Number of protein chains: 2
Amino acid sequence: MKNELVVLGTGAAIPAHGRYLSSQFITLNDRYYLIDCGEGTQFQLSKYKLKISRVNEIFISHLHGDHFFGLFGLLSSLNLLGRTKNITIYSPPGLEAIINSCFIGSGLILRYTINFIEILPQDGYQLIFEDKMNKVYSFPLEHRIDTIGFRFEEQPKERNIIKEKLHPEIKLADIILLKKGVDVKDENGNVRFRASDFTKSAPDSRSFAYCSDTAYFPKLSDYVKGVDLLYHEATFHSSEQERAKTTCHSTALEAATIARDAEVGALLIGHFSSRYDTTKVLKEEAKSIFPLTFAAEEGMNIPIDKRIIKNLKD
Amino acid sequence: MKNELVVLGTGAAIPAHGRYLSSQFITLNDRYYLIDCGEGTQFQLSKYKLKISRVNEIFISHLHGDHFFGLFGLLSSLNLLGRTKNITIYSPPGLEAIINSCFIGSGLILRYTINFIEILPQDGYQLIFEDKMNKVYSFPLEHRIDTIGFRFEEQPKERNIIKEKLHPEIKLADIILLKKGVDVKDENGNVRFRASDFTKSAPDSRSFAYCSDTAYFPKLSDYVKGVDLLYHEATFHSSEQERAKTTCHSTALEAATIARDAEVGALLIGHFSSRYDTTKVLKEEAKSIFPLTFAAEEGMNIPIDKRIIKNLKD
């Protein structure tokens with residue numbers, strides 16, 4: 001099973017140098033998610049053969065156009081392609097009115113339902129989605145309008161059975177308990193098989209966090225603590241520190257500082273200002289603080305798995 | 001001076017087979033216009049190095065998403081690129097509310113003004129724009145929602161002076177009159193120089209018409225009579241005649257029938273259904289009725305000039 005992020009767009013605000021606008025396709029634990037949906041996202045999904053029909057949840061960080069103007073076309077195409085299954089969109093408040101105004105004005109009646117879930121940044125770090133495979137948390141970012149980040153986590157895994165220690169007296173029902181870390185007791189309540197004797201600790205749950213757009217603020221590293229992969233915007237080089245501050249964006253140095261302080265597995269930077277025709281200086285700057293940094297490119301895929309990422313070449 | 005149409009998108013409804021959605025960039029008599037603006041139009045303008053900053057008028061045929069969802073990003077980018085000059089958008093009613101809802105909802109305040117001009121199809125054939133270079137007429141099309149076609153025409157040209165006939169008694173002021181077709185008289189009101197003696201008829205004004213989306217209806221050939229270049233949608237092959245009828249689209253055969261009856265210079269077909277991975281059958285069908293037919297491709301440019309078009313190879 002693949003656990004990966006595919007980059008659909010790396011540009012900030014304006015498409016330039018062949019860059020598309022913010023969007024990422026996430027595969028985690030056999031589930032599929034879209035994060036942000038800049039103009040042209042449906043073209044990119046098609047180019048990289050990613051099945052949007054598999055996506056039931058879309059996460060929109062904020063309502064600046066370069067992060068959601070692709071929704072109109074994407075949602076409209078889903079309808080034309082025959083979708084009848086609900087889709088849920090998580091975003092800061094206001095998106096439903098915009099989408100409805102557009103679709104009503106253009107006479108479009110969808111054959112599927114969109115559930116709009118409004119997330120208030122002031123609600124802080126919170127669980128916004130959960131199924132049997134994954135959980136998604138949102139947290140506030142610091143931008144010019146209401147903006148939220150997302151943290152994706154696999155549900156906790158079961159403990160691994162130590163096969164060599166199994167013997168015929170241990171039944172299937174016992175194994176189910178042991179994998180959950182529960183000791184097996186006899187009818188008198190005495191421990192027959194101790195979980196810690198027959199299992200070893202569960203593999204870590206894979207995790208990924210998405211932070212765009214945001215100014216630097218130290219608390220962000222708590223929200224994204226220890227994720228396998230962190231996507232953090234790096235609109236500017238630190239030579240544009242003042243501009244980053246006034247526009248509520250981050251420099252590559254700041255993105256790397258968050259990655260280092262949060263002790264993440266790897267950092268992916270993106271949302272590059274059109275002033276940079278290549279991202280070399282941004283990547284170099286980030287790597288000076290956090291070596292395992294990748295600069296996003298359209299079509300790039302990165303595993304969401306600390307064990308694999310650490311061996312990747314940037 | 002170039003007079004040409006550049007095709008930005010040829011697909012219908014859904015992007016497929018690498019096709020973009022409806023949009024065309026028109027250069028006529030030193031003026032620049034955009035017609036329709038499907039998602040991704042700003043990417044295509046950039047790819048083909050077309051300067052949207054030169055455009056002051058945008059014409060939207062109807063409010064189906066594949067013809068206008070690119071406006072959000074395009075108008076937003078114009079703002080980021082520093083535009084302060086007004087822009088005028090001609091469309092059927094409803095666009096202003098959609099654009100405003102989106103921009104207000106996303107906190108975008110433009111530094112330039114958009115003049116929304118609503119065109120009612122029921123007003124029939126009418127002049128909607130005119131400057132010293134060109135005129136634009138709109139006319140009703142037959143589609144599932146309010147839809148209009150556009151006819152672009154150069155302003156009438158002045159008559160050409162026959163240089164061999166000039167002599168020193170003919171002053172500059174006389175020439176100006178003669179070129180306008182006005183005879184030059186002496187103070188007693190007697191004709192000194194007859195316009196028809198010193199000039200030959202003015203060159204034809206170049207013209208272009210855009211018809212998308214529409215079902216076939218015979219009167220359409222009156223609206224586009226004699227244009228140098230006709231763009232007419234050909235969503236389907238005639239083997240899908242019934243589907244064309246129920247969805248209010250045209251077959252390639254019907255597009256060619258309009259071109260033939262209107263005696264146009266050349267026909268450009270486009271807005272191809274995603275069921276056609278190549279447009280060969282559509283072009284062949286149209287050519288059986290109207291030989292000088294071109295099938296639109298992204299990035300293709302075609303001169304708007306009968307004298308040049310007639311020598312082109314399709």
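What share of the contacts in chain A between residues at least 6 apart in sequence join residues at least 24 apart? In this predicted model, the share is 63%.

## Overall form of chain A

Chain A holds 10 helices and 18 strands. Its radius of gyration is 22 Å, close to the 20 Å that the globule rule gives for 314 residues, so chain A is as compact as a globular protein of that length.

Taken along the principal axes, the box filled by the C-alpha atoms of chain A is roughly 70 × 50 × 35 Å. Of the 314 residues in chain A, 47% are buried; a residue counts as buried here if 20 or more other C-beta atoms lie within 10 Å of its own.

## Relation between the two chains

Chain B is superposed on chain A by a rotation of 180° with 0.0 Å of shift along the axis, and the RMSD is 0.0 Å. The two copies are thus related as by a two-fold rotation axis. The same surface serves both copies, since 100% of the contact residues of chain B recur in chain A.

Among the residues of chain B, the one that comes closest to the rotation axis is Gly40(B), whose C-alpha atom lies at 2.8 Å.

## The contact between the chains

Chain B gives 27 residues to the contact, and chain A gives 27 residues. Three helices of chain B each supply at least two residues of the side that touches chain A: helix H1 (41–47), helix H2 (71–80) and helix H3 (95–105).

By residue class, the side of chain B that touches chain A comprises 13 nonpolar residues, 13 polar residues and one charged residue.

## A seven-stranded sheet in chain B

Strands of a sheet pair through backbone hydrogen bonds, in either a parallel or an antiparallel manner. In chain B, seven strands form an open sheet with mixed pairing, in the order S6-S5-S4-S3-S2-S1-S18. Strand S6 (114–118) and strand S18 (301–303) of chain B are the edge strands, each pairing on one side only. From one strand to the next, the twist averages 20°.

Within this sheet, strand S1 (residues 4–9) and strand S2 (residues 23–28) of chain B run antiparallel and are joined by five bridges. Leu5(B) has Ile26(B) as its bridge partner in S2(B).

Definitions and conventions
Residues are numbered from 1 along each chain as its sequence is written. Chains are lettered from A and ligands numbered from 1 in the order in which they are written. This is a predicted model: local features need pLDDT of at least 70, side-chain atom pairs count only at pLDDT 80 or more; totals for chains, interfaces and linings use all residues. Copies are superposed by least squares on the C-alpha atoms of residues with pLDDT of at least 70 in both. Two residues are in contact if their C-beta atoms, placed from the backbone, lie within 7 Å. Helices (H or I, at least four residues) and strands (E, at least two) are DSSP runs, numbered from the N terminus. Ala, Val, Leu, Ile, Met, Phe, Trp, Tyr, Cys and Pro count as nonpolar, Asp, Glu, Lys and Arg as charged, and the others, Gly among them, as polar. The radius of gyration is taken over C-alpha atoms; the globule rule is 2.2 Å times the number of residues to the power 0.38. A residue is buried if 20 or more other C-beta atoms lie within 10 Å of its own, exposed if 12 or fewer, and partly exposed in between; C-beta atoms are placed from the backbone. Two strands pair if DSSP finds at least two bridges between them. Axes are lines fitted to C-alpha atoms, for helices over the stretch in contact, and angles run from 0 to 180 degrees between N-to-C directions.
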